[in-house]
Amino acid sequence: MRKYSKEEFAMNMTEYKDIVVYIETADKSPVKVGLEMLSPARKIAENTGGKVRAVLIGDGIRTAAQKAAESGADEVILIEDPQYESFHLDYFTNVMESVIKEEKPVAVLVGGTQDGKDLAPRLAARLKTGCVSDVMDLRTEDGKIVYTCPLYGGTVLQDVVMETSVPQIAVLRSGAFKKTEEAQKGTITEKKVPVTDEKVRLNIKDAVKEISEAVNLEEAEVIVSGGRGMGSKDNFALVKELADLLGGVVGATRPAIEDGWISRVHQVGQSGKIVAPKLYIACGISGATQHVSGIMNSDYIVAINKDEDAPIFEVANIGIVGNAVNVLPVMIEEIRKKKEAE
Amino acid sequence: MSEYEYGRVTQEIIDRLNEITPRRVYTGDEINDDFTHDEMSIYGKAKPEAVVEPLTTEEAAAVMKLCNEHKIPVTPSGARTGLVGGAVSIHGGIILSITKMNKILGYDKENFVVTIQPGVLLNDLAEDAEKQGLLYPPDPGEKFATVGGNVATNAGGMRAVKYGTTRDYVRAMTVVLPTGEIVKLGATVSKTSSGYSLLNLMIGSEGTLGVITELTLKLIPQPKAVISLIIPYETLEDCIATVPQFFMNHLHPQALEFMEKDVVMDTEKFLGKKVYPKEMEGVEVGAYLLATFDGDSEEQLEDIIEAASEIVLEAGAIDVLVADTPALKRDAWAVRSALLEAIEADTVLLDECDVVVPTNKIAEFLTYTKSLEAEADFRVKSFGHAGDGNLHIYTCSNDMQEEEFRKQVSVFMKKVYEKATEFGGLISGEHGIGHGKLDYLAESVGPVSMRIMEGVKTVFDPNMILNPGKVCYKL
Amino acid sequence: MEILVCVKQVPDDSVEVHLTAEGKPDLANITPVVNAFDTYALEMAARLKEAGEGEITVLCIGGEEARNSLKNCLAVGADHAYLVRDDRFDGSDSRGISHILMCAAKKIEEDTGKKFDLIFCGKEATDAALGQVGAELSELLGTGVITNVIGVEFEEGQVCAKQETEEGYRLIETASPCVLTVTKPDYDPRYPTIKNKMAARKKPIGTIKAEDLSMLELEKTGEDGAFVKTLKLYEPPKKEAGIKIQEETAQDSAFKAVAMMADAKVF
């Protein structure tokens, strides 16, 4: 597509008003951020007077499409083909290109998963349009969509716009938006996008699941995380013990992972997972911006750290000043008692 | 039997303390176990009768005055990272903790000084000064010690080889004397010839002469460029032999540390990081020098490191690795900074000594200490400041009985200190005497010096209430 | 095998960046460094080169001060370095940067008569963390892109890379030339030896200006050419701190905290 002047673009807002939301699936279900994006999409659509169209690409994902239709999409475009069973950057770029050229949306929202972060810029280059990453918030203002994105690991935020290109492509951060609670039921349109080998250059020889444990930080309601303050791999076991007790997931900071205490799938923070659980317990974590910016959307934060000036306390609902290695065993015991009493 | 008799911390005293430092008086079970020991618990634990946390000089003075009236021992205490039992209240009484006096009070950028409360952590001062484009040169390994504690022990650290020790950066201080009187010592000026330097007497007195409640410290402009070199050698002897060459060639590293490969490998395992080369060009590495140079510009500094590299390569270094980016420097120094922590994490019974010997004697001295390992059941690990001959030697055991360990260590230490003295060295470079090294000090400096030190102590503290039983005065 | 590594100079990411009173990023006391992911990319390229043969060229868009970063690259495996330097490029967004890189890569190929087999980028820069340039550049070059690479093999026009994924890895093949974006492998970038450091001091760094780029469409670059425009920068509001518990013992603190958590019904 081509570049427009601001005036032309304003005019085009009348031509381009729908929102396309690419909803990725994992194990044939929509990923959390996929459904979360429907609420900001709805917000934009209200402003442009357009429709929210969710796009699902895969094979055997009708149930996932159903779920999307119930979660705030006006229309779900379901594209199924055995070739699309698992993510392939080139094929998925081709499919999205074809859908976007037909639907002419004003904005395309993509969830900030690893594959989503690859798909969006590839698509932007293909369509010769603008792309923003890691959107933490968005709003409409004077007919413009204003995106809020972090800089320097989140110590600085920037508000950006893409006024001179359509569609605008935005990668939305997981956990930054809340799912729509009461949604109208949308329709499902099946669509065939033929498999073409044009511009397909990658051959995925193998996809290996190395990490057998299922770690779903993004969807966890409780996360107990440990940082370097846990002191050692042995002590880190306390973090896991508390997480298990609370039915939660174990998280970790980058230093804890680099020290080999736990595998990297557990990483929480800017360069790991952005999380939004109901309860987040930070053990021996000082609270570098890198980490804190990844947990800010948690409902309730408990922090344990021996340094009373640790920045983590600035964001915690409850801050316990003390060595996590001493505090955790008591907490575990107390919580166990309280749970048993229930 | 002691000629001094001490009063007890009665309920009445507690009530009085509570008036002076409301809600900052702790007794009984309220006292955290951390207050019973420092980082070298081998010198014994002792629980104070109370802990108080003053916020101001006046509060500290009032506490002191009260305790002097009732002859209650007072042990000043910082972040308790000491290594010689200096802040352990071995004669009971109260611990006066200065950790809540932790404000940076202000910079005087025209005179290059900063005024702080003594409880400011070294790490916080270093970071804050850096933000102002300034450098506080003393750089002891323990970054989470209080600066007040650094002054009390005259801590040295990595940069001492070029910039000197803490002593060289203290311009003025406010001190509460054991009597409760408040005195200001020193001034912001750079020169003085105004009577005995009580300021310098106070520095390194380990909280036996007064409680420091405010400090004015000298700063220098942040060097424009800083580069570290990792220099691997085949043997420790080769490594140490290079050291005098730097100075003879007018190259003044900001820091010059030596490390043996075993200790480095243990630490890398502890940190989960591999930084130092273990083998280069088919040669197995035995020891490393870690040197840091600073300069006024990148170009000037590159000339310096080139010259330094020529010298070390000539002297037998296997190669020279250049840490010229913040990330490379951080990794290189992270290992050095974690050496003690890694040893502590891996050791059940630990003792250490902190001798300082002339730099040309380092290799011979270390060979000697290593040779003592053969007659003991513990392991000897060492590292230290190659540039100023300050060596940290650790005796470590995981399977010995404590009593046997103590016995063997005491034989070992006696020999080590004798050898250090024979080489013209001293028994502590930067950790101090506390009560752990008191006997060794007496042997090393002799009766005359001890008598003068005791005399000084009595003048300051007639009732012998301030940190009794430390440095020079055994009760 | 000819390798191009695209690098960006960023402020040292271990230091927190805040805004000045004028609302600009305060970078005055922060050392500029090569983006960490780009240093991983260069290390990976250097290992690949050492296992086979060929040369590494590094390419950077930036100001005069970026020369020092390029010198550092020359000391740890790069053979040639180019700085693309033109004030008009300031404020370019990802598509502008990708476009300039594409033009510069083509120019270097023309000048040297060589063709790049592999083009490495870091997976993202530590300052803006967009992660767009690698993917966009590959699209402009008409090549495949393998992202989040932690290992790579190259043989006769065929590239096989190990892509780190959330639950493991994918092995992906593509024909060269191709773009690879690199994440943290299980090794660290090397330290330069003094010999390499000193040799790097003497190596020339080529300068490329806008006029030198025959394929350049200047209107795609700079602030005016950017699709993405910044309205304002600001610091995030501080979350209000909650209650701090500091009882005398760890046990008491834990009791109190658990009681409060129970009251708040968070477990």
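Modeller: A nonpolar core is a set of buried Ala, Val, Leu, Ile, Met, Phe, Trp, Tyr and Cys residues joined through C-beta atoms within 7 Å. Buried means that 20 or more other C-beta atoms lie within 10 Å of a residue's own, with C-beta atoms placed from the backbone. This is a predicted model: local features need pLDDT of at least 70, side-chain atom pairs count only at pLDDT 80 or more, and totals for chains, interfaces and linings use all residues. Residues are numbered from 1 along each chain as its sequence is written, while chains are lettered from A and ligands numbered from 1 in the order in which they are written.

The largest nonpolar core holds 196 residues. Val21(A), Ala54(A), Val55(A), Leu56(A), Val5(C), Val58(C) and Phe120(C) touch the most other members. Helix 1 of chain C, residues 36-51, gives the most to this core: nine residues. (A helix is a DSSP run of H or I, at least four residues, and a strand is a run of E, at least two, both numbered from the N terminus.)

Now take Val5(C). Leaving aside neighbours within four places in sequence, its contacts include Ala41(C), Leu42(C), Ala45(C), Val58(C) and Phe120(C). Contact means C-beta atoms, placed from the backbone, within 7 Å.

Another core lies apart, with 83 residues. Among them are Val84(B), Tyr163(B), Ala287(B) and Tyr440(B). Of the 475 residues of chain B, 51% count as buried. Chain B has 15 helices and 20 strands. Its C-alpha atoms fill a box of roughly 75 × 55 × 45 Å, taken along the principal axes.

Terms used: A residue is buried if 20 or more other C-beta atoms lie within 10 Å of its own, exposed if 12 or fewer, and partly exposed in between; C-beta atoms are placed from the backbone. Two residues are in contact if their C-beta atoms, placed from the backbone, lie within 7 Å.
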